[in-house]
Amino acid sequence: MRLYDSLTRGLVELPPSPGPIRIYVCGSTVYQRIHVGNSRPFVLGMWVRNWLRHTGYEVTFVHNITDVDDKVYAEAVEQGVPSRQLSERATAWFFEDTNDLGLGRPDLEPRATETIPEIVQFIQELVDGEKAYVANGDVYFSVARFPEYGRLSGARLEEMISQETSDLKQDQRDFALWKSQKPHEDAAWDSPWGPGRPGWHIECSAMAEKFLGPEFEIHGGGNDLRFPHHENELAQSASLGHAFAKIWMHNGMLELDQAKMSKSLGNVVTLRNVLDVWGRESLLVFHLSGAWSKPVDFDDDVMQQASARADRLRDVFRGIHQPAPAGSWERFSDALDDDFNTPAALAVMHEWRDHELLRRALGVFGLKSLAENDEAPPEVAALAQRRQAAREVRDFEEADRLRAELVEAGWEMRDETNGHRLVRLR
Ligand SMILES: [Zn+2]
């Protein structure tokens with residue numbers, strides 16, 4: 001299998017199975033219900049893990065929870081609640097909403113607040129190696145000491161110097177590893193530099209290395225994290241001589257068109273709302289339809305299309321099983337092994353009338369539910385039998401009346417070459 005790597009800007013081959021493949025994907029900052037866009041790296045990470053395991057790899061997937069960050073403190077002040085209480089509540093929402101995607105959980109979901117000793121030690125090593133300096137209770141990473149800075153993101157100097165400007169910085173490109181406690185911050189941890197809390201970027205370097213070691217195969221996250229977050233993670237880890245990630249897998253962002261969004265989804269489109277309005281199957285098919293590394297439009301029209309595609313897949317199981325020709329699974333498999341091309345894999349799936357193959361493929365994406373044939377209840381089946389009997393004696397008036405009764409009950413009778421079948425109306 002090969003994947004596009006943002007650092008080398010080319011395709012990189014994974015080691016042969018069984019690997020191991022170690023994956024770290026940046027998770028959400030927990031201070032409110034997560035945005036639908038945050039579902040993409042989660043879904044992608046779970047799917048890549050599923051697919052690699054399906055093809056014989058040993059995989060460890062770490063997805064962190066950023067529960068200490070400027071955004072958490074700011075929102076807590078806004079709501080007048082303790083920051084710990086806010087982040088605990090938002091963490092529970094995160095679990096609830098991502099559970100409802102029906103994909104299971106990542107192998108490890110570390111929280112930044114549970115990783116403070118490792119973070120402090122990481123910072124200490126950077127200070128000891130003169131890659132970082134202490135200033136008035138803060139600790140800053142010295143960008144000048146890392147000549148490769150900017151290689152991952154291609155960020156320009158103007159972008160680098162506009163991030164959190166401070167008089168304490170020796171160079172405006174430098175970034176905070178440790179931030180001293182501010183008056184509005186109600187939670188802080190002890191450190192050799194005084195009470196405070198970690199910067200966002202060092203959290204991820206420490207959490208990734210704690211569970212995966214100083215070198216691992218895949219680092220994922222939204223494309224908006226390339227700079228400064230991932231550039232800074234790489235600088236921190238590489239400065240200690242750690243190889244860090246071999247492949248940087250940045251997913252394209254969801255582009256929301258507010259004008260094409262129904263009111264039911266609201267102004268801030270949360271994952272919760274999308275699940276409530278469209279259901280998990282439509283959302284997963286939506287994610288399948290777009291190439292992971294490219295930006296993708298999100299609005300009512302595309303969700304309508306995704307929903308129709310989910311119905312088409314579901315309909316296959318209401319029809320007759322037709323064995324797919326030899327080599328069909330390989331076409332599907334080749335698409336995924338070639339940069340995890342889910343749109344191409346989905347196109348192959350749409351060709352199939354082979355129940356067994358389609359069920360297996362849907363299983364990779366947490367969509368086996370589409371293969372669960374809806375069984376009509378006995379009273380509906382009895383109505384259908386009566387309608388069939390009426391048609392056989394050419395009593396079309398009665399047949400039409402019974403058809404209306406079936407529709408009333410939420411079912412439709414479809415003619416098949418060898419009889420009829422009942423399809424649930426949605
Ligand atoms: Zn991160």
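Student: Which residues have the most contacts inside the largest nonpolar core?

Tutor: Bearing in mind that this is a predicted model, the residues with the most contacts inside the largest nonpolar core are Ile123 and Leu177, and that core has 98 residues. Its largest share, eight residues, is supplied by helix H1, which covers residues 39-54. At least three residues of this core come from each of domain 1 (2-251) and domain 2 (263-371).

Student: And which residues does a second, separate core include?

Tutor: That second core has seven residues, among them Leu383, Ala384, Leu402 and Trp411. As a general background, nonpolar side chains tend to be buried together in soluble globular proteins.

Student: Going back to the domains, what are their bounds in the assignment?

Tutor: The domain assignment of the protein chain gives domain 1 as 2-251, domain 2 as 263-371 and domain 3 as 378-424. Between the C-alpha centres of domain 2 and domain 3 there are 31 Å.

Student: OK, back to Ile123, what does it touch?

Tutor: Leaving out residues up to four places away in sequence, Ile123 touches Ala132, Val139, Leu177, Trp178 and Ile202.

Student: Now the sheet, please: in what order do the strands of the open sheet run?

Tutor: The open sheet has four strands in the order E5-E6-E7-E8, and their pairing is antiparallel. Its edge strands are E5 and E8 (196-198), each of which pairs on one side only. From one strand to the next, the twist averages 20 degrees.

Student: Which helix packs on that sheet?

Tutor: Helix H4, residues 116-128, packs on the sheet and touches E5, E6, E7 and E8, with its direction making about 105 degrees with that of E5.

Student: How many bridges join E5 to E6?

Tutor: Four bridges join strand E5 (residues 132-135) to strand E6 (residues 138-141), and the two run antiparallel. E5 and E6 form a hairpin with two residues between them, and Asn136 in the turn has a positive phi of about 55 degrees.

Student: What about E6 and E7, how many bridges there?

Tutor: E6 is joined to strand E7 (residues 175-180) by three bridges, and these strands also run antiparallel. Across this pairing, Tyr140 stands opposite Ala176 in E7, while Val139 stands opposite Trp178 in E7.

Student: Changing topic to helix H6, is it enclosed or open, and why?

Tutor: Eleven of the 13 residues of H6 are buried, so H6 is largely enclosed by the rest of the structure. The buried residues of H6 include Trp200, His201, Ile202, Glu203 and Cys204, and Glu209 and Leu212 are also among them.

Student: How far does H6 reach from its first C-alpha to its last?

Tutor: Helix H6, residues 200-212, reaches 19 Å from its first C-alpha to its last, which is close to the 18 Å expected at 1.5 Å a residue. Just after H6, Gly213 takes a positive phi of about 90 degrees.

Student: Does Glu130 count as buried or exposed, and why?

Tutor: Glu130 counts as exposed because it has 10 C-beta neighbours inside 10 Å, and the cut-off for exposed is 12 or fewer.

Student: Where does Asp339 lie, then?

Tutor: Asp339 lies in the loop between helix H11 (328-337) and helix H12 (342-351). Phi of Asp339 is near 60 degrees, a positive value in a residue other than glycine. With 18 C-beta neighbours inside 10 Å, Asp339 counts as partly exposed.

Technical notes:
Residues numbered from 1 in each chain as written. Predicted model: local features only at pLDDT ≥ 70, side-chain atom pairs only at ≥ 80, totals over all residues. Domains from an automatic or database assignment. Core = buried A, V, L, I, M, F, W, Y, C linked by C-beta atoms within 7 Å. Buried ≥ 20, exposed ≤ 12 C-beta atoms within 10 Å, placed from the backbone. Contact = placed C-beta atoms within 7 Å. Pairing = 2+ DSSP bridges. Axes fitted to C-alpha atoms, helices over the stretch in contact; angles between N-to-C directions. Expected span 1.5 Å × (residues − 1).
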